[in-house]
Amino acid sequence: MDRQGTLSQEQAAGDLHRLIKGFQISQAIHVAAVLGVADHMATGPRASDEIAAAVGAHPRALYRLLRALAAIGVLSEHENRRFSLAAMGECLRSDAELSVRPSATYIGQAYRWQTWGHLLHSVKTGENAFRVLHGMDSWAYRERHPEQNAIFNAAMTANSRRVDRAIVAACDFSRCER
């Protein structure tokens, strides 16, 4: 069903505007993941300055990042510039059972991020933006950049962990011995 039929033009414009700004949200989550912010908040609310010191970030800049993450429900903001993990923030912890941190780390890598910035070129020409931008496909790129390959592999493993239970539950393996 088309959601447009149920939304006023004002609501639709607001929803679309939030989608347009989605790259900012992705990047904010990526930065928090790379810095390991959630791991430093695992024991409860912490002051933004404490978190900044723990992750090696500029205190005022990190405070603004934490406020942005609180605005979208990843964190909760408390008095005196203290923050705690909301349910989504818990998923950014490296020790979370279904951690999304590897995916958040991967999605904001410059080589991947820049490729999406060339989507218009691909749509207009049919050319592969990654190949045009980097001179090779993504597999060859990651082969030449093992640190990026490790980030990619961690993200793919984390993605598999999030869906493996559903796959096992949906399949009848009763006839299988192994």
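**Entry 1: two helix pairs**

I first looked up how helix α3 meets helix α4, and I found that α3 passes α4 in a right-handed crossing (left-handed if the near helix is turned anticlockwise from the far one by less than a right angle, right-handed if clockwise). The model is predicted, so I noted that local features need pLDDT of at least 70 and side-chain atom pairs pLDDT 80 or more, while totals for chains, interfaces and linings use all residues. Residues are numbered from 1 along each chain as its sequence is written, and side-chain values use heavy atoms, without hydrogens and water.

Helix α3 covers residues 48–55 and helix α4 covers residues 59–71 (helices, H or I, of at least four residues and strands, E, of at least two are DSSP runs, numbered from the N terminus). I recorded an angle of about 115 degrees between α3 and α4, with their axes 9 Å apart (axes are lines fitted to C-alpha atoms, for helices over the stretch in contact, and angles run from 0 to 180 degrees between N-to-C directions). This angle makes α3 roughly perpendicular to α4 (under 35 degrees is roughly parallel, over 145 roughly antiparallel, 65 to 115 roughly perpendicular, and the rest oblique).

I then turned to helix α2, residues 22–35, which packs against α4 at an angle of about 120 degrees, with the axes 10 Å apart. Helices α2 and α4 are therefore oblique to each other. I noted their crossing as left-handed.

**Entry 2: salt bridges**

How many salt bridges does the structure hold? I found eight (a side-chain nitrogen of Lys or Arg within 4 Å of a carboxyl oxygen of Asp or Glu). Side chains of opposite charge can pair when their charged atoms come close.

One of the bridges I looked up joins E77 to R67, with the closest N and O atoms 3.3 Å apart. E77 belongs to strand β2 (residues 75–78) and R67 to helix α4, so this pair ties together parts that are ten residues apart in sequence. I recorded E77 as partly exposed, because its relative accessibility is 34% (buried is under 20% relative accessible area, exposed over 50%, partly exposed in between, with a 1.4 Å probe and protein chains only). R67 also counts as partly exposed, at 42%.

I next examined E90 and R93, whose side chains meet in a salt bridge at 2.9 Å, N to O. E90 is partly exposed, with a relative accessible area of 31%, while R93 is buried at 18%.

A further pair is R131 and D137, with the closest N and O atoms 3.8 Å apart. I noted R131 as partly exposed at 45% and D137 as partly exposed at 28%.

Most residues other than glycine have a negative phi. N80 lies in the loop between β2 and β3 (82–85) and counts as exposed, at 67% relative accessibility.

R81 likewise has a positive phi, of about 60 degrees, although it is not a glycine. I placed R81 in the loop between β2 and β3 and noted it as partly exposed, with a relative accessible area of 41%.

**Entry 3: a surface patch and a buried alanine**

I looked up L16, L19 and I20, which form a nonpolar patch on the surface (members have over 30% relative accessible area and no salt bridge; like charges are joined within 9 Å, nonpolar side chains, namely Val, Leu, Ile, Met, Phe, Trp and Tyr, within 5 Å). Together the three have about 340 Å² of accessible area (Shrake-Rupley method, 1.4 Å probe; for residues, only the protein chains shown count as cover). I20 sits in helix α1 (residues 9–20) and counts as exposed at 55% relative accessibility.

Is A104 buried or exposed? I recorded A104 as buried, because its relative accessibility is 7%. A104 is found in helix α6 (residues 101–107). I finally noted that A104 and L16 are 88 residues apart along the chain and that their C-alpha atoms are separated by 23 Å.
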